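Here are a few exercises to work through with the model open beside you. Try each task before you read the solution.

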Amino acid sequence: MTQLDEGDWQSVSTKLALARRITLLFALVPVLVVVCVLWWWEEVPDFVAPTVAVVAVVIGIWAWWIIGRRVRSFGYLERSEDLLVRSGILFQRLVIVPYGRMQLVDVTAGPLDRALGITSVQLHTAAATTDAVIPGLTPEIAAQVRDRLALAGESRNPGV
Amino acid sequence: MLNEDGPWRVNPISPLVHAARSVPVWLGLVFVGASAVGYVWGPLTILLSVFIIVTLAGIVALFQFVNWQRLTFWFDDQGDFRVDSGVLTRQQRRIQLSRVQAVDVVQPLVARLFSMAEITIEVAGTGESRVRLSFLTLNEAHLLRETILTRARGAAPDGSTVARPDEVTVLSRVPWPTLAVSLLLRTSTAGLLILTAVILAIAIRREGWSGLGLALITGGVPILTVFAEFIRYYGFTVSEAEDGLRLRFGLLKTEHRTIPAGRVQAIEIVEPLLWRRKDWVRVRVNIAGVGKASDSSSSSNGGETLLTPVATRMEALALVSRLMPSLNFESMEWHSAPRRAWRRSPVQYPMLAIGWTDSFFTARRGRINRRTAVIPIARAQSVRWTQGAWERALNLASVHVDSTPGPVRISGLHLDAEFAKTVAGEQAERCAAQVR
């Protein structure tokens with residue numbers, strides 16, 4: 001029997017948490033606008049704006065904290081025949097992709113990711129449900145992972 | 001047509017068929033338009049309407065004639081199938097025959113009056129990967145289909161192939177009363193009909209007739225869907241062909257489909273609650289390159305992924321064994337979800353189970369619509385282990401074996417967490433070991 005939890009699990013860069021927290025702050029900007037509007041609007045009772053603000057701050061702090069935990073939860077493990085990716089706090093998942101079933105490996109980085117120097121690697125199989133993404137790798141590691149995966153995939157007969 | 005080398009054209013009367021197909025639309029438009037301006041129907045106005053309809057149909061025919069001139073298809077020197085089309089935007093398509101998934105002959109109602117057929121070619125790949133040629137005579141369509149399939153199999157066809165009917169043995173045929181009863185007894189239909197009865201009863205008792213509008217919807221929708229599906233799947237026949245199973249169905253529009261045995265990725269046997277007395281089942285399949293991810297709901301409009309709309313269990317298993325000969329449910333080792341799973345899924349927990357043999361993996365779920373999904377482990381794309389918050393509180397987890405897009409999902413839900421992880425590991429190992 002194979003123990004899936006054992007082995008040399010790699011984690012992802014903590015810069016990913018930074019990137020996601022910046023995105024979170026951007027998402028809070030419209031909330032700030034709404035709070036201001038509510039504050040200046042005469043017909044709205046006075047307590048509404050502070051309440052919305054407090055709720056937003058509480059949710060923001062909770063999201064801030066959960067982002068840290070979620071980023072730490074990402075991990076991947078390259079074994080001899082397959083790649084394992086795990087993620088999630090509330091909803092945990094573990095994806096096992098045999099190298100022979102990989103169809104292509106995507107390496108993507110958005111503008112914010114590029115500014116921070118992180119990249120995400122996504123594996124595609126013929127199944128749409130595979131869902132194997134490793135976000136938050138440094139570009140060098142991402143390139144190495146991609147090359148290793150491509151090599152491992154090529155040497156095996158592709159599925160479908 | 002196919003005797004000489006190409007390029008070939010579709011049948012010259014196709015523009016007329018297209019025009020004839022458009023007549024109902026013009027008819028409707030004229031009626032709506034006439035009643036909008038408050039015409040009084042007299043000989044003159046009828047004559048005028050006929051004139052308008054004929055003119056509009058004539059324009060369609062003219063347009064389609066230009067299209068017809070520009071549409072050519074042939075096999076090129078590399079053995080690819082080429083289709084050039086379009087008037088303003090020229091489109092040149094090149095179809096690698098090795099990528100052809102299925103070639104179907106379809107006869108829409110109007111085309112059937114002209115004994116014409118259209119041919120659709122499914123190609124592996126995403127996006128608009130379907131090529132449609134309309135119209136050919138029925139014989140030509142079958143001949144072209146045969147030629148493409150023969151070439152796709154790699155056998156060189158002798159140039160002078162004559163039309164020959166497919167030599168097929170009929171495996172099963174759904175009698176129309178069975179189809180009608182089964183559609184009425186489907187869980188969603190039956191549920192809506194019962195709801196309608198309840199609404200009617202309340203409306204009559206309370207004499208509150210406002211509820212009748214709702215009853216029209218809850219009663220009308222299922223009757224319409226049953227009617228539509230009955231017409232669509234009427235005379236559903238499965239025959240055995242060289243390359244897999246051939247399906248033929250339809251009352252107004254005859255559809256032909258081929259399920260190539262080699263491309264079937266997964267199979268699901270569905271047993272709705274009200275069908276169990278009769279031991280009826282429905283069988284759906286995932287076919288590489290055919291299904292869409294959005295087909296995953298229980299809606300049965302995916303005619304492309306249906307193996308049979310209704311069959312007795314024995315018939316269904318016989319059909320399944322044509323596609324997966326080594327599948328044997330008896331030798332399956334079943335493992336049920338633990339009793340505590342009832343807290344997560346109080347209704348379906350007694351049905352939840354997974355099973356496997358050396359080369360197959362099965363997952364069963366659903367109490368009202370019992371579903372048994374089977375995948376040859378060599379066809380699995382990846383294996384997932386998932387655990388939601390509530391599952392974790394109960395020390396449960398689920399195993400999913402991913403197949404290509406289609407209606408069949410193989411999910412072993414709410415198993416013991418440790419056991420699920422072990423199974424996921426083992427199945428992934430088996431999957432990786434099977435080189436196809």
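Helices (H or I, at least four residues) and strands (E, at least two) are DSSP runs, numbered from the N terminus. This is a predicted model, so local features need pLDDT of at least 70 and side-chain atom pairs count only at pLDDT 80 or more, while totals for chains, interfaces and linings use all residues. Residues are numbered from 1 along each chain as its sequence is written, chains are lettered from A in the order in which they are written, and side-chain values use heavy atoms, with hydrogens and water left out.

**Exercise 1.** Find the helix that holds Ile46(B), then work out which surface patch this residue belongs to.

*Solution.* Start with the helix: Ile46(B) sits in α2 of chain B. Next, check its cover: with a relative accessible area of 46%, Ile46(B) is partly exposed (buried means under 20%, exposed over 50%, partly exposed in between; 1.4 Å probe, protein chains only). Patch members have over 30% relative accessible area and no salt bridge; like charges are joined within 9 Å, nonpolar side chains (Val, Leu, Ile, Met, Phe, Trp, Tyr) within 5 Å. The areas come from the Shrake-Rupley method with a 1.4 Å probe, and for residues only the protein chains shown count as cover. Last, α2(B) gives the largest share, three residues.

**Exercise 2.** Describe the salt bridge between Glu240(B) and Arg322(B).

*Solution.* First the test: a side-chain nitrogen of Lys or Arg must lie within 4 Å of a carboxyl oxygen of Asp or Glu. Here the N to O distance is 2.7 Å. Then place the partners: Glu240(B) is in strand β8 (residues 237-241) and Arg322(B) in helix α8 (residues 313-323), so the pair ties together parts of chain B that are 82 residues apart in sequence. Finally, Glu240(B) is partly exposed at 28% relative accessibility, and Arg322(B) is too, at 38%.

**Exercise 3.** How much area is buried between chain A and chain B, and how many salt bridges are there between them?

*Solution.* Take the area both parts lose on being put together (1.4 Å probe), summed over both: about 2,400 Å², with 54% from carbon and sulfur atoms. On chain A's side, strand β4 (residues 92-98) brings the largest share, seven residues. Then count the charged pairs: zero salt bridges between chain A and chain B.

Technical notes:
Buried area = accessible area lost by both parts, 1.4 Å probe.
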